[in-house]
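Welcome, and thanks for taking a look.

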Amino acid sequence: MYINRPKVALMLGYAIQIHALQLHMTNLGVKYRSHARGLSSRMNSDCWRHQAKNRCPNRGTSYLTMQSALIDINGGNHEEDDVQQDGNYVLFSPNCDKPDINDSHAMISTASTAPLSYEHKRTKSKIKVAVSTLFLFSFCWALIACSGQGAWRYYLAGGICAAISHAITTPVDVIKTRKQVDESMKDMSMIQSGLKIIKDDGGLNALLAGLGPTTFGYLFEGAVKFGIYEVSKPLIGSFLAWSAVLCKLPWINSKMLGFVISGGIAGAAASVMLCPMEALRIRLVAEPELAAVGWIDGGLSMIGNEGIKGFWKSLPAMLSKQVPYTITKNVSFDFITTVSYTTVAAYGLTICSKWKLVIPLLSAMLASILSCISSQPGDMLLSVVNAEEGKKSTTEFAREIMKRDGFAGFFVGVRERFLHVGIIVTMQLLIYDFVKRLVGISATGL
């Protein structure tokens, strides 16, 4: 009987590789061991890449998920850039040159050493997160302590209102962000975009992508934004009054100017606090595969791939959004409520609980429209900058948008954002006003 010795040797090599991989995955305690048993049906391959952006054109391609380092099973000549040692997806495509049977020894050696680098990388990422979180809490504590007696109430009210309002509107934010970063959705309606996301990305849960970083990020963002705004208003007012006398420029001593400066300072501080969590949120929305592993593991993956700097590359875009957004929202709400209460009192009406609901509600609605318009270009930039990896600057993204779509390109998704910001700002300012009164601070405008 004729025996094809090269083929037998090749099959033996495959068997050794598969067995070594199964033992390796068992030792790591990885739950995906069952996928390794199906490797024999996928050994004919010529390339493997991580799934994040470069999907194989063959939709029938099988995926093998591993939490250990990726191993070149086929012994082919693959570029180093195609390797991503962070537990993503390995794509197997047909038509591969048969590997040398001696490659099994290299594979076994790689299997025993590669996980160490992965675990080391993950441990370093966790340490960076722990240090950053500790610094964040320390900074907030020091800020509240330096703000004066009773100022903690502003920080508390701001944190609560921002976290609740942004968490509730997460589905709208997901649709808006996907329309901004996905060319195929740009001309779809909000309902069509939502249905497409639900269909393509695994159900209704896809509309909650980024809920974790949204809630956590805006808890601190809101506390810092409203706290610094309220605390700095009297300080900036006193400084402007002193400057007006010193420079003999009476127009400097303006209450409105003081509010605008306070809003700008608060918006800049809030941008620094929010930038990392907003970068993670947008990446989770833009890459559903990353969202599938959870926002904490997704964040660790981003740190492993891009470092801490990856969370801060969008800071210029964040400032271009948050500073005008905060100034317009806070100052207009302050101004409109003050004028409204003054007008009601001028007509001899008693400012009762009914007015304390109607006036903040209408003022918040107007503030939401103004803040949405002023911050839309910055929001568009923030989405496109955070949607992908790389070192391209915010200015370069802005030039691309202007060249491709003109100024109108900065207003993609503005209809969805009117709904999103309208709900957020109206709810946020009402909750803020309510919590302030609950902890003993008068309503805004009184």
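## The chain as a whole

A residue counts as buried when its relative accessible area is under 20%, as exposed when that figure is over 50%, and as partly exposed in between. With that in mind, buried residues account for 47% of the 446 residues in the protein chain. Please keep in view that this is a predicted model.

The protein chain holds 14 helices and two strands. Its accessible surface amounts to about 22,200 Å², and carbon and sulfur atoms contribute 64% of that area. What share of contacts joins residues at least 24 apart, among those between residues at least 6 apart in sequence? In the protein chain that share is 79%.

## Helix 5 and helix 6

Two packed helices can be described by the angle between their axes and the distance between the axes. Let's start with helix 5 (residues 170-181) and helix 6 (residues 190-200), whose axes come within 10 Å and cross at roughly 95 degrees. Angles from 65 to 115 degrees count as roughly perpendicular, and helix 5 and helix 6 are therefore roughly perpendicular to each other.

On the helix 5 side, the contact is made by Val172, Val174, Ile175, Arg178 and Lys179, which meet Met190, Ser193, Gly194 and Ile197 in helix 6. Sorted by class, the residues of this contact are five nonpolar, two polar and two charged.

Leaving aside residues up to four places away in sequence, Ser193 touches Ile175, Lys179, Met185 and Met188. Two of these partners, Ile175 and Lys179, belong to the helix 5 side of the contact described above.

## Around helix 8

Next comes the loop between helix 7 (211-247) and helix 8 (255-286), where you will find Lys248. The phi angle of Lys248 is near 55 degrees, a positive value in a residue other than glycine. Lys248 is exposed, with a relative accessible area of 71%.

Lys255 is in helix 8 and is exposed as well, at a relative accessible area of 60%. How far is the C-alpha atom of Lys255 from that of Gly237? The two residues are 18 residues apart along the chain, and their C-alpha atoms are separated by 6.7 Å.

Helix 8 also packs with helix 11 (residues 315-346), at an angle of about 140 degrees and with the axes 7 Å apart. Helix 8 and helix 11 are therefore oblique to each other. The crossing of helix 8 with helix 11 is right-handed, and their contact has 16 nonpolar, six polar and three charged residues.

## Helix 12 and helix 13

Our last stop is the pair formed by helix 12 (residues 355-386) and helix 13 (residues 394-405), which pack at an angle of about 110 degrees with their axes 10 Å apart. That angle makes helix 12 roughly perpendicular to helix 13. The crossing of these two helices is right-handed.

Which residues make the contact between helix 12 and helix 13? Helix 12 brings Met380, Leu381, Val384 and Val385, and helix 13 brings Thr394, Phe397, Ala398 and Ile401. By class, this contact of helix 12 with helix 13 has seven nonpolar residues, one polar residue and no charged residues.

Terms used:
Residues numbered from 1 in each chain as written. Predicted model: local features only at pLDDT ≥ 70, side-chain atom pairs only at ≥ 80, totals over all residues. Heavy atoms only, no water. Axes fitted to C-alpha atoms, helices over the stretch in contact; angles between N-to-C directions. Helix = DSSP H or I, 4+ residues; strand = E, 2+ residues; numbered from the N terminus. Parallel < 35°, antiparallel > 145°, perpendicular 65-115°, else oblique. Left-handed = near helix turned anticlockwise from the far one by under 90°. Contact = heavy atoms within 4.5 Å. Nonpolar A, V, L, I, M, F, W, Y, C, P; charged D, E, K, R; others polar. Buried < 20%, exposed > 50% of the residue type's maximum accessible area, 1.4 Å probe, protein only. Areas by Shrake-Rupley, 256 points an atom, 1.4 Å probe, with all protein chains shown as cover.
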